[in-house]
Amino acid sequence: MNRNVINTLVLRGWSFLSGILAFLAIPFFLDTVEQGYYFTFYSLIALQVFFELGLGQVLIYIFSAQHASQSDGKPRNNPDDNSQFATLLSTRLVYRAMALGFFVVSTTVGFVFFSKSSHSSVDWMAPWLMLSAATAWNLAQSGKLTYLEAIGCMADVSAMRTKQSIFGSLFFLLALSSGLKLWAAVAIPLTAAMFSTYWLYQHPLAAPYRKMRQGSSLARRDLLALWKVKIFPMQWKISLSWISGYFIFQLFTPIAFRSFGPAVAGRLGLIMNVMSSLLVVGSTFTTALAPDFAKMIANGEFISLDCLFFRSLRLSIISLVLVTQGAALGALFGVQQWPILATRILDPVDIWLIATATLFIGITYCLSIYLRAHRDEPLLMVSIFTALAMLPVLIIGSRMNLSTMLLGYSVVSLMSCFFAFRVFKIVKASHLA
């Protein structure tokens, strides 16, 4: 329970509370159709994974390992380490290009998708445009925050994110209560973009980034060469995993929107959103230690690495069980006490299926944090297999009913967790070789 874990846990805890507030507020201020549009917005906005392509995940490990090698006091084998470290900071230009490409594509996809809906009375066009712009803004800034997290400022960045999340949630509730409808979807990402921009350019805790950026090289040749050697060998694997993840987990709400209507998509999206928040909270004990894992691997401290990881994994699994299964039981109790709630959320059995799948996904995610700290992506084939296994689930489920789709979702998530654990055992055994 170091400072990184505590501050990150506070952030995740607030994310959970804000998710509960959204869970209570959205059905109260939006009708069933608008609720469907709201959650389909956020499923489609996840298209940003096709542009970031795992770059942030790669950079946090590379920056952590590079920073550890520069601060341990040992002589460097490569005299160009400092220049390489500075050149890595030039990836901020890549983030800007990705943000622009994402904005163009996301707005186009949204216009095409929602224009085909029969519910023409819903005012979705302008909110969707602003949501795409705010998300692109956040994408452009994310590379800078990744650097600060990797060099040991994760606690400070988490504290900043907590504040921006609080303000974003307040503006979200204000927008909903003011009758702004789908404009409320813009409140949280827009607040995050404005808050993080101010923090990066004005707050003294961001000084390490600004100082290193002044000496960063902007030579395209150097950046491309470094990308080829340090970034691309891991990024292409993570990007395929993330793309597979989009097809596995993000297509449920848009498919439900098309196959079963906005009302069903709204009920599904509400539960999926709550479970996603619970997954983030439950896995905090492991995800907050990602930079520490990378540093231990860079220094060859494999015994300490495994001890730290297993302690964090046990806490994460216990947390995931408590929050996911607790939420399923809470939904069952809520429907029994307030029958009107059944018109805005899924059937308790469907909620339990999503909760069970979320538990397996959370365990798999914790294992992936450990594996990716080795600057590799050994779960690539597992991710591709899971995506391929999910395709018939989505196709058959969309032609039958939502329960069939969710049953397949939980079964495939269990299979994915099993194969991920097999890969984890192989990588761990290699430490003893």
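Which residues in α2 meet which residues in α12?

Tutor: This is a predicted model, in which local features need pLDDT of at least 70 and side-chain atom pairs count only at pLDDT 80 or more, while totals for chains, interfaces and linings use all residues. Residues are numbered from 1 along each chain as its sequence is written, and side-chain values use heavy atoms, with hydrogens and water left out.

From α2, the residues T32, V33, Q35, G36, F39 and T40 meet P262, A263, A265, G266, R267, G269, L270 and N273 in α12; contact means heavy atoms within 4.5 Å. Sorted by class, this contact holds 6 nonpolar, 7 polar and 1 charged residues. Here Ala, Val, Leu, Ile, Met, Phe, Trp, Tyr, Cys and Pro are nonpolar, Asp, Glu, Lys and Arg are charged, and the others, Gly among them, are polar. Helices (DSSP runs of H or I, at least four residues) are numbered from the N terminus, as are strands (E, at least two).

Helix α2 covers residues 32–45, and its axis lies 7 Å from that of α12 at an angle of about 50°. Axes are lines fitted to C-alpha atoms, for helices over the stretch in contact, and angles run from 0 to 180 degrees between N-to-C directions. The two helices, α2 and α12, are therefore oblique to each other: angles under 35 degrees count as roughly parallel, over 145 as roughly antiparallel, 65 to 115 as roughly perpendicular, and the rest as oblique. The crossing of α2 and α12 is left-handed, a term for a near helix turned anticlockwise from the far one by less than a right angle, with clockwise giving right-handed.

Helix α12 also packs against α16, at about 30° with axes 10 Å apart, which makes α12 roughly parallel to α16. This crossing is right-handed. In α12, L268, I271, M272, M275 and L279 take part, and in α16 their partners are I351, I354, A355, T358, I361 and G362. That contact divides into 9 nonpolar, 2 polar and no charged residues.

On a 1 Å grid over the protein atoms alone, a pocket is an open set of points where a 1.4 Å probe fits, with protein on both sides within 12 Å along at least five of seven lines, and lining residues have an atom within 4 Å of a point. Of its 19 lining residues, I20, F23, A327, G330 and A331 are closest to the centre. Elements giving two or more residues to the lining are α1 (3–29), α12 (262–282) and α15 (302–337), and α15 gives the most, with 7. The lining comprises 16 nonpolar, 3 polar and no charged residues.
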